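Q: I have a model open and would like to go through parts of it. Could you take me through them?

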Amino acid sequence: MPGQALGRVPSQAATPEAGQAEAEPDALTIGRRIRHLRTSKGMTLDDLASAIDRAPSQVSTLENGKREPKFSQLQTIARALGVGVDDLLSAEAPSERDGLEIELERVQRGPLFASLGIEGVRIGKSLPHDALTTILALHRELERLHTERAATPEEARRANGELRDDMRAKDNYLPELEQVAKELLADVGHTSGPLPQRMAAEIAAHLGFTLHYVSDLPHSTRSVIDTRNRRLYLPSKGFRGRSNTRSALLQALASHVLDHTEPGDYGEFLRQRVEANYLAAALMVPEKPGVKFLRDAKDERAIAIEDLRDAFGVSFETAAHRFTNLATRHLGIPVHFMKVHESGILHKAYENDGVRFPSDALGAVEGQHVCKQWTARRVFDVEDRFNPYAQYTDTTSGTYWCTSRVENTSDGAFSVSVGVPFADVKWFEGRDTTERTASRCPDESCCRRPPEDLSAKWGDFAWPSARPHASMLAAMPSGAYPGVETTEVYRFLERHAPED
């Protein structure tokens, strides 16, 4: 409408995509079209300025896209140039060169370029064409890498789902990592029994690292390796719920042994973490003695995750994870595993026994609410935290038996559960439990939809204030190692580096 400014400059190039309305013109494109039409008619900047009764500096500002012209101004300019207003409002750049210059101008005004902290180039006829195209190509590559690093929650869920599918196909068993663990243990002379903290330290020494226990480890890390000085830093106070730092030590060394490099995307980051955790567990519960222990228990029809935990001196979660590594390949038992927060949110999961975890439209299960009737939720209501809780659950995909424990962490209480189909419960301690529930999930009437009488009474009167996590709307933490503050790590290493 006359007298109104045009819309703000769009962030994307002004080219329509399939299925979308035609792109709006922006100040940069309009300015270039004015300049192109002026020069094609042989008019100087002063000529056009005089024709529209404006100062040449004002016309230059319009042509450079630094000011959004009003519609009335465009009508005056169009008459002076002998064209229609539509010729000025076209979203198409007047030439290929103009299109490239417009793109570079947008780039230099954008947030990614500003974050680089470098001076922009002067855009004009004096800028060589090859330099212009090279600068734009470099920026596009930077933008691509930035996009890959800043994974969205959707991308993270997709990567997690793909990794879980891959591990299911392999029965959660990685023979190449089992072999690495076997050779590493042989190198330090460990043949049987639990791996003590002393022997874990010997593995570090064998790999050429010295251990340093510090009180100022960066808060976003569990350990830090200095490969220049061959030092491994661990917290002097250990971790909540652990009597020593053996697990963190071995996980850090595992990444070094496996030659992990800076991950290229979130999927690679997840895979590296799984591999490091797997190798650390294979060192603490070696395959040969672990399988023998479990086979003996199966012969006695007395498999218990607690017994595996106690025999090898590991946490219940590590024992549960290790059981899933060995159960299908060596015992012929399909299995599922869950780690669930006290809020009911599923944090970790694995299955190859047909159990149906709650999932979103992408098939991702992490972050979903677990049915209140499942063992992993009901265990939080059990007063006896010293003995394992076992339960049968009738689900839409069959009946499953599950054993569960609650472990307290700095992030709250979590239940860790291992379950098997009804046909395989005969091998386990706790199969005589009388606890049994039925789950109709994902039918919302099971546990998500309130009973009708409560809904009728309170539906119009309840207004709870939610406690959403900030991560619900934020992108995944960027950087090579999501969640780690790199500057903090570098400053830590600078403080502790030995003097030359």
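This is a predicted model: local features need pLDDT of at least 70, side-chain atom pairs count only at pLDDT 80 or more; totals for chains, interfaces and linings use all residues.

Q: Which residues of helix 14 are buried?
A: Gly-290, Val-291, Leu-294, Ala-297 and Lys-298 are buried (under 20% relative accessible area, 1.4 Å probe, protein chains only; exposed is over 50%, partly exposed in between). They lie on the same side of helix 14, because they cover an arc of only 125° around the axis (taken from the directions from the helix axis to the C-beta atoms).

Q: And what does the face turned away carry?
A: That face of helix 14 carries the exposed residues Lys-288, Lys-292 and Asp-299.

Q: What covers the buried side?
A: Helix 15 (305-312) and helix 16 (316-331) are among the elements covering the buried residues of helix 14 (contact means heavy atoms within 4.5 Å). Helices (H or I, at least four residues) and strands (E, at least two) are DSSP runs, numbered from the N terminus.

Q: Now the sheet: what is the strand order?
A: The order is 1-3-2 in an open sheet of three strands with mixed pairing (two strands pair if DSSP finds at least two bridges between them). Strand 1 (210-214) and strand 2 (224-226) each have a single partner strand, so one side of each is left without a neighbour in the sheet.

Q: How many bridges join strand 1 and strand 3?
A: Five, in the parallel sense.

Technical notes: Residues are numbered from 1 along each chain as its sequence is written. Side-chain values use heavy atoms; hydrogens and water are left out.
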